[in-house]
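Subject: Structure handover

Dear colleague,

Please find the structure below.

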Amino acid sequence: MSVGLDVPFLVKTFFVALSGVPIALLITIVSLLIALPSGFLLALSRINQIPVISQLARVYVSFVRGTPVIVQIFIIFTSVPLLLAPIFEKYHVKTSIYDINPIWYAFIVFSLNTTAILIEVFRSAISTVSKGQLEAAYSVGLSNVQAFRRILIPQIFVVALPNICTATVNLIKATSLGYALSLREITLKAQVAANVGYNFIEAYIDIFLVYLILCSLVETLFKLYEKRLRKYKAAAA
C-alpha cells in the first residue's frame with residue numbers, strides 16, 4: 001500500500017480548487033459592499049446611543065460574535081425558506097423557494113456576520129477622531145453629511161483599514177464553509193475531486209495552498225493601499 005502523495009492528482013486538483021476562487025471572491029465582495037455601510041451606520045448608532053437601534057445593534061453583535069459561522073449558515077439556510085414559503089404561496093410566486101440559488105443564502109449569512117465585526121471596527125476607529133473637528137466643520141458652514149464625507153470618514157477609514165483587512169481575510173477564509181450550502185467554491189470542488197480516489201490529503205493541501213495564496217494577495221493589496229493613504233496624509237500634514 002502506497003503512503004506517498006499522488007503528485008499528479010495534487011497538481012491537477014490545485015487548478016480544480018483554483019476554479020472555485022471566483023465564487024469565494026464574489027461572496028466576499030458582495031458581503032463587504034453590504035457590510036461596510038451597514039457596519040458604519042450601526043457603529044454611529046451605538047456611539048450616539050440612538051434609542052432601540054443601539055440596543056438592537058449590541059444584541060446583534062453579541063449574537064453573531066458568540067456563535068459559530070457554520071451554525072449561522074444552518075439557521076439561515078433552514079429558517080429563510082420556512083419564512084418565505086407562506087409569502088410565496090400567498091402572492092402566487094411561481095418560483096419555488098427551494099429552487100433559489102444557495103449563493104443568496106451565502107450573501108445573507110456572510111453579510112450579517114461581517115457587519116457585526118465591522119460595527120466594532122468602526123466604533124473603535126470613530127472614537128479616535130476628535131469631536132472638535134466636527135465642531136470646526138460646523139463652524140465653517142459644513143452640513144453633517146459634508147463634515148463626515150470630507151473630514152471624518154477619510155480619517156476613520158485610515159484608522160480602520162488594518163482591521164478591515166483582517167475582517168476581509170477572515171471573510172475569505174469563512175467562505176470555505178460554503179460547502180454546507182452546496183456552493184461549488186474552493187473546498188467543495190477539491191472535495192468532490194478527491195471522492196473518486198479518496199485523495200483527501202492532496203485535496204486539503206490544495207485547499208490550504210489556494211487560500212494561503214488568495215489571502216496573502218489580499219493582505220498585500222491592503223498594505224499597499226494603506227501605505228498610499230499614509231503618504232497622502234503625511235503630505236497633507
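The notes cover the salt bridges and then the backbone angles.

This is a predicted model, in which local features need pLDDT of at least 70 and side-chain atom pairs count only at pLDDT 80 or more, while totals for chains, interfaces and linings use all residues. Residues are numbered from 1 along each chain as its sequence is written, and side-chain values use heavy atoms, with hydrogens and water left out.

Salt bridges

The structure holds three salt bridges (a side-chain nitrogen of Lys or Arg within 4 Å of a carboxyl oxygen of Asp or Glu).

One of the bridges joins R46 and E120, at 2.7 Å from N to O. R46 lies in helix α2 (residues 21–47) and E120 in helix α5 (residues 103–126), so this pair ties together parts that are 74 residues apart in sequence. Helices here are DSSP runs of H or I with at least four residues, numbered from the N terminus. R46 is buried, at 11% relative accessible area, and E120 is buried too, at 18%. The cut-offs are under 20% for buried, over 50% for exposed and in between for partly exposed, with a 1.4 Å probe and protein chains only.

E120 also forms a salt bridge with R65, where the closest N and O atoms are 4.0 Å apart. R65 lies in helix α3 (residues 53–65) and E120 in helix α5, so here the parts tied together are 55 residues apart in sequence. R65 is exposed, with a relative accessibility of 58%.

E120 meets R123 in a salt bridge as well, at 2.9 Å from N to O. Both residues lie in helix α5, three residues apart, which is about one turn of the helix. R123 is partly exposed, at 30% relative accessible area. Through shared partners, the salt bridges join R46, R65, E120 and R123 into one network.

Backbone angles

Most residues other than glycine have a negative phi. Q49, which is not a glycine, has a positive phi near 55°. Q49 sits in the loop between α2 and α3 and is partly exposed, at 47% relative accessibility.

S182 is another non-glycine residue with a positive phi, near 65°. Its place is the loop between α7 (144–174) and α8 (186–195), and S182 counts as exposed at 55% relative accessibility.

Regards

Conventions. Helix = DSSP H or I, 4+ residues; strand = E, 2+ residues; numbered from the N terminus.
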